[in-house]
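Visitor: I have a structure open on my screen and would like to talk it through with you. Could we begin with whatever the database record has to say?

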Amino acid sequence: MSETTSTNEENKLPLNGRRAIPPNYSNDEENEVPEMEAFGVIPRGFNPRDYLRVVDIYMFKEPHEINKQEHHTDKYYNPKLIVRRGQAFQIQIDFNRPYKPESDQFWLEFLMGRYPQQNKGTYIPIVLGSVLKPGQWGAKLIHRENNSIRLSIMSSATCIIGKFRLYVAVLTPFGILRTRRNSTTDTYILFNPWCQLDAVYLDDEKEREEYVLNDVGIVFHGNVEDVKSRSWSYGQFEENVLDACLFLMDKAELELSGRGNPIKICRVASAVINSRDDNGVIAGSWNNTYDYGVAPSAWTGSVDILLEYYSSKQPVRYGQCWVFAGVFNTFLRCLGIPARLITNYSSAHDNNANLRMDFFLDDEGKVDTRLTKDSVWNYHCWNEAWMTRPDLPVGFGGWQVVDGTPQETSDGMYRCGPASVQAIKHGHVCFQFDAPFVYAEVNSDIFYTRMEKNGTQVVENIDTTRIGQLIVTKEVGGDGMVDITEEYKFREGSDEERLALETAVMYGVKKQSIQDTTYQPQTDVDMDFQAQKAVLGNDFKVTVTFRNKSRNSYTATTYFSGNIVFYTGVTKSEFKKHSFSAKLEPSSSTSFDILIKSSEYMRDLLEQASFHFFVTARINETGKILAVQKAVMLEIPTLLIKTKGGLVAGKQTSVIVEFTNPLKQTLENVTLRLEGPGVLRTVKKQFGRIPMNSTLTWEVKFTPMRPGLRKLIASLNSDALRHVYGELNVQIQKP
């Protein structure tokens with residue numbers, strides 16, 4: 001006996017006056033569970049073998065067996081049992097002799113973490129019952145044969161998400177006999193969008209297949225006049241990704257007891273996806289230098305990023321908004337929370353959340369970059385996660401905005417959401433979390449303000465329609481685009497829109513009224529601006545058109561400024577300045593062409609080949625100023641992917657990636673990446689240089705594992721050219 005007391009001393013918890021046990025936020029750590037838990041002094045003749053003993057436990061955990069099939073977890077590349085909460089699963093226990101219900105007593109124990117506790121949901125004892133109650137822990141006998149029994153086990157619809165350890169405990173007169181620690185019986189329990197009692201329940205099967213089970217998606221980028229798309233591999237079922245996602249919750253120090261709540265999980269994940277203030281998954285970089293890392297545009301999916309973080313525990317370099325959103329989407333779908341990636345075109349990054357983006361003009365009507373602090377992103381990607389919101393009034397459940405891109409702090413950390421889309425639409429921005437910030441991203445107005453010499457501000461122009469003019473996501477079951485702008489806002493100028501704005505202002509969104517500033521627009525002259533579709537490396541022209549609706553003749557002094565910008569709307573350099581005088585005849589339209597040469601922009605071009613043009617015109621007769629700004633994207637060449645011969649699961653085959661350099665210069669430091677979830681893990685190859693007009697060919701041999709329709713995604717990255725993608729849908733036949 002003395003031996004047991006001494007080991008108990010060693011296992012005692014460190015003394016802490018504030019809490020009885022230390023915080024429990026690691027799913028990986030374990031406690032020692034005794035195989036024999038004696039009730040007192042054990043008599044000499046006691047032999048555990050005389051009692052019912054567990055010989056083996058069979059978990060039905062193969063992809064083709066009942067559990068993974070019924071729980072929609074057969075795609076996970078993971079040898080252990082994975083089930084969804086609130087739904088029954090089966091296990092078989094083999095004893096050393098036939099089980100006698102009248103005299104034998106045993107129960108199951110599911111444990112999680114280092115300090116399992118029943119009231120925290122981390123220690124779950126389950127005794128056999130006669131019926132299973134929906135959404136509550138329980139077990140019942142469904143089959144008995146020889147020494148084996150088969151059980152159906154129901155998990156709670158609110159239970160914690162993560163990896164549980166399983167023990168079978170048998171009662172003897174002198175103590176409890178337990179099975180040995182056996183990691184092959186570990187059971188992952190995930191969220192269940194198929195279960196009506198689960199907070200993430202989604203009632204449409206096609207939507208569940210898209211938002212939970214689809215492992216590839218589309219990122220829409222470019223700008224509102226020129227929407228571009230590319231594929232992204234979420235890869236939530238790939239090997240080790242589930243463990244990496246659970247590790248993120250450990251890293252975020254989310255108490256195990258809070259992991260059944262999708263609201264909490266989304267909130268902590270939106271912080272840990274970025275590396276600001278918590279050494280999270282991805283380090284952002286928006287300055288076009290990506291030393292010691294991978295350029296954001298080179299990634300083709302989330303798997304490499306998550307697995308690199310899981311093994312190194314250090315932030316992965318580098319990401320921009322679609323990378324944060326892509327990885328976040330993988331995390332959510334992997335755990336079973338329905339999720340989709342959203343793109344908001346002309347997204348306001350408003351530094352003081354006053355629903356007003358200020359662009360300051362100097363005396364001549366040119367934009368003053370020194371004073372202008374707000375920026376309009378060509379596009380910004382975030383995620384929506386589907387869940388009930390019991391913490392808010394009825395009606396605000398459903399899609400919630402969550403954003404892992406570090407933009408502004410929320411409660412002291414770089415995170416955003418979950419914010420109810422419904423609350424944003426109706427202006428109810430008082431409801432947690434971060435609704436005012438998202439409301440401003442889709443609803444701000446652009447004020448063009450001129451600073452007079454004496455310091456007064458004169459508002460020259462207000463653009464109420466540009467911000468958030470198109471919000472999109474991928475369609476269910478296809479690669480097309482769906483416009484979901486109406487889910488975020490009422491139609492511009494409608495009564496409902498005005499009411500939503502008044503509601504938002506009432507709940508504390510700052511909005512300066514136009515009465516605070518002097519503003520008399522020039523109404524009888526319109527100015528518009530069009531750019532010709534252009535391919536990277538070519539010249540193109542832009543056209544400024546004036547429409548004089550009055551009966552007066554006017555002259556307009558016009559300034560044209562061409563800037564190379566980051567997709568966040570921040571200027572890197574002005575590459576074109578042009579001013580001209582325009583004569584505007586009464587009741588007529590006049591157009592002016594400006595040629596943009598490739599030699600003017602190629603040297604400074606940034607990776608998304610994105611320009612920002614500002615045109616300001618002063619009507620000399622009235623002194624009024626017209627202003628228009630537009631983002632223009634160049635067409636970037638694509639990669640060609642071809643397969644050789646038919647593709648059969650389990651047979652080696654090869655794929656060819658081709659690229660022709662269209663630029664008038666040699667490409668240096670070229671890296672190609674190719675991946676396809678469920679087909680091949682990411683492969684990379686570096687090429688020193690590709691001379692102009694020459695074609696690069698790369699052949700990759702691989703063996704596809706699973707039959708079905710899959711997608712191959714490739715990217716090319718180099719010093720002078722980024723954002724080059726290619727993709728191919730492939731049908732893999734059964735052997």
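Guide: This is a predicted model, and the unreviewed UniProt entry carries the annotation "binding site" for Asn443, Asp445, Glu492 and Glu497.

Visitor: Why say that those annotated residues gather at one spot?

Guide: They span 55 residues in sequence, yet no two of their C-alpha atoms are more than 13.5 Å apart, so the four positions from the record come together at one spot in the fold.

Visitor: Okay, take Asn443 then: which helix is it in, and is it buried or exposed?

Guide: Asn443 belongs to helix H9, which covers residues 435-443, and with a relative accessible area of 16% Asn443 is buried. If residues up to four places away in sequence are not counted, Asn443 touches Ile467 and Lys489.

Visitor: And what does Glu497 touch, leaving aside its neighbours within four places in sequence?

Guide: Glu497, which lies in helix H11 (residues 495-506), is in contact with Phe490, Arg491 and Glu492 once those neighbours are left aside. Glu492 is itself one of the residues under the "binding site" annotation in the UniProt entry.

Visitor: Switching to strands: what order do S17, S23 and S24 take in their sheet?

Guide: The order is S17-S23-S24, in an open sheet of three strands with mixed pairing. Strand S17 (356-361) and strand S24 (457-463) are the edge strands, each of them pairing on one side only, and neighbouring strands of the sheet are turned against each other by 30° on average, with direction ignored.

Visitor: In what sense do S17 and S23 pair?

Guide: S17 pairs with strand S23, residues 445-451, in the parallel sense and over six bridges. Within the sheet, Phe360 stands opposite Thr449 of S23.

Visitor: New topic, cysteines. How many disulfides are there?

Guide: The count comes to zero disulfides. The sulfur of Cys195 has its closest cysteine sulfur in Cys159, at 10 Å, which is too far for a bond, given that a disulfide needs the two sulfur atoms within 2.5 Å. Cys416 is likewise in no disulfide, since the nearest cysteine sulfur, that of Cys266, is 11 Å away.

Visitor: Are Cys195 and Cys416 buried or exposed?

Guide: Cys195 is buried, with a relative accessible area of 8%, and Cys416 counts as buried too, at 6% relative accessibility.

Visitor: Next, helix H6. Which of its residues are buried?

Guide: In H6, which covers residues 303-312, the buried residues are Val303, Asp304, Ile305, Leu306, Leu307 and Tyr309.

Visitor: And what do the buried residues of H6 pack against?

Guide: They pack against helices H4 (241-251) and H7 (321-335), and also against strands S14 (282-284), S15 (316-319), S36 (667-676) and S37 (680-690). H6 is followed by Lys313, whose phi is positive, near 60°.

Visitor: You mentioned S37, and I had marked Val683. Where does that residue sit, and which residues does it contact beyond its neighbours within four places in sequence?

Guide: Val683 is in strand S37 and counts as partly exposed, at 26% relative accessibility. Leaving those sequence neighbours aside, Val683 is in contact with Leu672, Arg673, Leu674, Trp698 and Val700.

Visitor: How far is Val683 from Leu672, going by C-alpha atoms?

Guide: The C-alpha atoms of Val683 and Leu672 are separated by 8.2 Å, and the two residues are eleven residues apart along the chain.

Key
Residues are numbered from 1 along each chain as its sequence is written. This is a predicted model: local features need pLDDT of at least 70, side-chain atom pairs count only at pLDDT 80 or more; totals for chains, interfaces and linings use all residues. Side-chain values use heavy atoms; hydrogens and water are left out. Two strands pair if DSSP finds at least two bridges between them. Helices (H or I, at least four residues) and strands (E, at least two) are DSSP runs, numbered from the N terminus. Axes are lines fitted to C-alpha atoms, for helices over the stretch in contact, and angles run from 0 to 180 degrees between N-to-C directions. Buried means under 20% relative accessible area, exposed over 50%, partly exposed in between (1.4 Å probe, protein chains only). UniProt positions are given in the numbering used here, feature names are shortened, and annotations may be inferred rather than shown by experiment. Contact means heavy atoms within 4.5 Å.
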